[in-house]
Amino acid sequence: MGATVWLCLVLRMSNQLLQALPEVASILEALTEPAAILSLDYRILATNKAYQETYPSAETIVGRHCYEVSHGYQLPCDQEGESCPLKRCFDSGERQRVLHIHNTPHGEEHVDVEMSPVHDSDGQLVCYLEVMHMVKVATPSVDGHGMVGRSESFKEMLALLQRAAPSEISVLLLGESGTGKELVARAVHDQSPRAGGPFVTVECSGLSESLFESELFGHERGAFTGAINRKQGLVTAARGGTLFLDEIGEVPLSLQVKLLRLIETGTYRTVGGVELQHANFRLVCATHRQLEDMVEAGSFRRDLFYRISAFPIELPSLAERAGDIPLLVKVLLRRIPGAEGKTVSPAALKALAAYGFPGNIRELRNILERAVLLSDNKTIGLQQLPRAISSSTDIITSDNNEADEIVTLEEAEQRYLQQVQARFEGDNRALAARLGVSERTLYRKLSQIE
């Protein structure tokens, strides 16, 4: 029985919860992740040590509102423009999970918040159990590694990843080229019980039938001309870990039946071999193709499609998460060799935000790498961007202030926020302090720019 379930059962047996809070706090220590007991009016009644370490405060945590501690809000999340897990839990009467961005000692972090209602022995709702699942594979700020984003579409994708990763279910990643499908596949692996095992990628596109089978299953010595030695296949290399089939829509129809047999039976034979081998891997696939259309056209097996698509995850295009572009620009400039200290001018950033990016994040990185080489100073301007971006009629072609243009105060504020966000080196918490507003107010205003 899981620790969370066990704790809920213990709490349900207590008719005098408030009098038993010291004992409840000690029970919470059974949970390794940050956990708290919340009252019906959002107040923190008890926490474990992990919670106190994640949300340290000079003030006593117990007795304060949960949204005040984790977000710095003055009102519940649903009144601050976010989905509130406690409110959803109250409305549904069932356990809820919501992905939030919380303030921690490490800065802003993605947190998968799990909220469970707790009833006493008479069936009356007495409190809530809140457990924080810290997301380690993505960051909503400039600092950190792995995936980066804070837009709603990105968080929706990340929430699905958090659901699927701890299980053994087959995951199918869907999205345009350049959206980071291999990075997401790696994140699924890193968040899974198989994280200690290998992560093996199979590039399905461009492989001939004979080469694909040899790469996947391996071959015996003398199996075909040129096979002078026995070769281990990628299925064997992935034993105990994750096998990632990238661009599975490119697998020839004649090979799909062999792939289906591998997935269904967990067994295979090397090319030229007779002994049955047993596979042991977690399957993650990815494609930019519309597999349902391929199924109807007869170019992709229907039974294979249903085997690999048990848990589909849509990756948003960069156009769908345009609000993340200023953040991604900052992060990429930190990761591109030779781009240290470089910034993007407000006009250039506006041009990038207005561009459609058919190549998605891969294209954005290529554009910035080129711009870094073309820039002779610390600022990347419009002139360093490709003509298709810098010459758009919707973009003001000057890095100077837009003289003589009269805009609304709201639009002027949005433009100013875009400019300072592009130039500012710190995180949103530091930027909010510089602007003299709360971090939540800044986040809400930045979200409106999207």
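Strands (E, at least two residues) and helices (H or I, at least four) are DSSP runs, numbered from the N terminus.

I note that this is a predicted model, in which local features need pLDDT of at least 70 and side-chain atom pairs count only at pLDDT 80 or more, while totals for chains, interfaces and linings use all residues. Residues are numbered from 1 along each chain as its sequence is written, and side-chain values use heavy atoms, with hydrogens and water left out.

**Entry: the partners of S4**

I checked the pairing of S4, taking two strands as paired if DSSP finds at least two bridges between them. Strand S3 (residues 96-104) runs antiparallel to S4, and the pair is held over nine bridges. A hairpin of two residues links S3 to S4, and I located Val-98 opposite Val-113 of S4. Strand S5 (residues 125-134) also pairs with S4 in the antiparallel sense, over nine bridges. Here Val-111 has Met-134 of S5 as its bridge partner. The hairpin of S4 and S5 has five residues between the strands, and within this hairpin I found Gly-123 with a positive phi near 85°.

**Entry: H13 against H14**

I then examined helix H13 (residues 325-335) and helix H14 (residues 346-354), whose axes come within 10 Å and cross at roughly 115°. Axes are lines fitted to C-alpha atoms, for helices over the stretch in contact, and angles run from 0 to 180 degrees between N-to-C directions. I recorded the contact (heavy atoms within 4.5 Å) as made by Ile-325, Pro-326 and Val-329 on H13 and by Leu-349, Leu-352 and Ala-353 on H14. The contact residues divide into six nonpolar, no polar and no charged. For these classes, Ala, Val, Leu, Ile, Met, Phe, Trp, Tyr, Cys and Pro count as nonpolar, Asp, Glu, Lys and Arg as charged, and the others, Gly among them, as polar.

I looked up backbone angles next. Most residues other than glycine have a negative phi. Phe-357, in the loop between H14 and helix H15 (360-374), has a positive phi near 50°. I found Phe-357 buried, at a relative accessible area of 2%. Asn-360, which lies in H15, is not a glycine either and has a positive phi of about 60°. Its relative accessibility is 0%, and Asn-360 therefore counts as buried.

In helix H8 (residues 209-217) I listed Phe-212, Glu-213, Ser-214, Leu-216 and Phe-217 as buried. Their cover includes strand S9 (199-203), strand S10 (218-219), strand S12 (241-246) and strand S13 (267-268), together with helix H9 (234-237) and helix H10 (253-265). Just after H8, I noted Gly-218 with a positive phi of about 85°.

**Entry: the chain as a whole**

The chain holds 19 helices and 18 strands, and 50% of its 450 residues are buried. Of the contacts between residues at least 6 apart in sequence, 62% join residues at least 24 apart. I put the accessible surface of the chain at about 21600 Å², with 50% belonging to carbon and sulfur atoms; such areas come from the Shrake-Rupley method with a 1.4 Å probe, and for residues only the protein chains shown count as cover.

Methods: Buried < 20%, exposed > 50% of the residue type's maximum accessible area, 1.4 Å probe, protein only.
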